[in-house]
Amino acid sequence: MAHKMLGYVTVFVVLAAAALVIERAEAESYTVGDDLGWTNIVDSNTYSSWAANHTFKVGDTLVFQFVTGRHDVATLTKKAYDECSTTDLLGVLNQGPASYNLNETGDYYFICTISGHCNDGQKLSIKVTASPAPPPSHSPAPPPSDTTAPVSPPTTTPPLPSDTETPTSPPTTTAPPPSDASSLASTFSTVFVSIPIALFYLF
């Protein structure tokens, strides 16, 4: 009886750990401004351009890299953001680097409250969505086959509009860049290998 109970506990622990690992694998951490960090030495559109290249979702974290005392990060309303107003702030992070967790969907607004910094362009507006970013528009190359079937060339080539024939080369495909999907697949395989081991001890 005790052996069977230990098996149930093991299965529960493995499944709970798997859920935690999968949740952590999906969340992203973004350093605001990348290598530039959080600074007022920017163009007025630096951070809006940076944000446009990212898709933020619930569970992600923004990391603001700055020197304590030289900058800060304040959250505020859209109206205060548009006016670079430091009244009616929702919160301020004074210690750099500062992390801000994106816990719900919607629009988020950040500025530096040091005098003149927001007007210099040290402000960030982002939109947080509930679902992960859509997959890239290109489809990944199919996995290699275990069989060695001969590859047949295309059977027909459309005629060229002129009398001159130009040789055509076969289309080439490039492998997609590595993504979070491969790390997530690795996590799943580890979890699914652990489950049969736990079940073995159960019975």
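How many bridges join strand β4 to β5, and in which sense do the two strands run? Strand β4, residues 73-75, is joined to β5 by 3 bridges, and the two run antiparallel; within this pairing, Ala-74 stands opposite Val-92 in β5.

The model is a predicted one, in which local features need pLDDT of at least 70 and side-chain atom pairs count only at pLDDT 80 or more, whereas totals for chains, interfaces and linings use all residues. Residues are numbered from 1 along each chain as its sequence is written, and side-chain values use heavy atoms, with hydrogens and water left out.

Taken as a whole, the protein chain holds 5 helices and 8 strands, and from the N terminus on these elements follow the order α-β-α-β-β-β-α-β-β-β-α-β-α. The pairing of β4 with β5 belongs to an open sheet of 5 strands, ordered β2-β8-β7-β4-β5, in which the pairing is mixed. Its edge strands are β2 (56-57) and β5 (91-93), each of which pairs on one side only.

An open sheet of 3 strands, also with mixed pairing, has the order β1-β3-β6. Because β1 and β6 (98-101) stand at its edges with a single partner strand each, one side of each is left without a neighbour in the sheet. From one strand to the next the twist averages 25°, where axes are lines fitted to C-alpha atoms, for helices over the stretch in contact, and angles run from 0 to 180 degrees between N-to-C directions. Strands β3 and β6 pair in the antiparallel sense over 4 bridges, and Phe-64 stands opposite Ala-98 in β6.

A pair of aromatic rings is described by the distance of the centres and the angle of the planes. Rings of Phe, Tyr and Trp (its six-membered ring) are taken to pair if their centres lie within 6.5 Å, with planes under 30 degrees apart counted as stacked, over 60 as edge-to-face and the rest as tilted. A search of the whole structure finds 9 aromatic pairs. In one of them, the rings of Trp-38 and Phe-64 have centres 5.0 Å apart and planes at 80°, so the pair is edge-to-face. This pair links distant parts of the chain, 26 residues apart, with Trp-38 in the loop between β1 (29-31) and α2 (46-52) and Phe-64 in strand β3 (residues 61-64).

Tyr-100 and Tyr-108 form an edge-to-face pair, 5.9 Å centre to centre with 80° between the planes; Tyr-100 is partly exposed at 23%, whereas Tyr-108 is buried at 10%. Trp-38, Tyr-47, Phe-64, Tyr-100, Tyr-108 and Phe-110 form one aromatic cluster.

Finally, buried residues make up 26% of the 203 residues in the protein chain.

Key
Pairing = 2+ DSSP bridges. Buried < 20%, exposed > 50% of the residue type's maximum accessible area, 1.4 Å probe, protein only.
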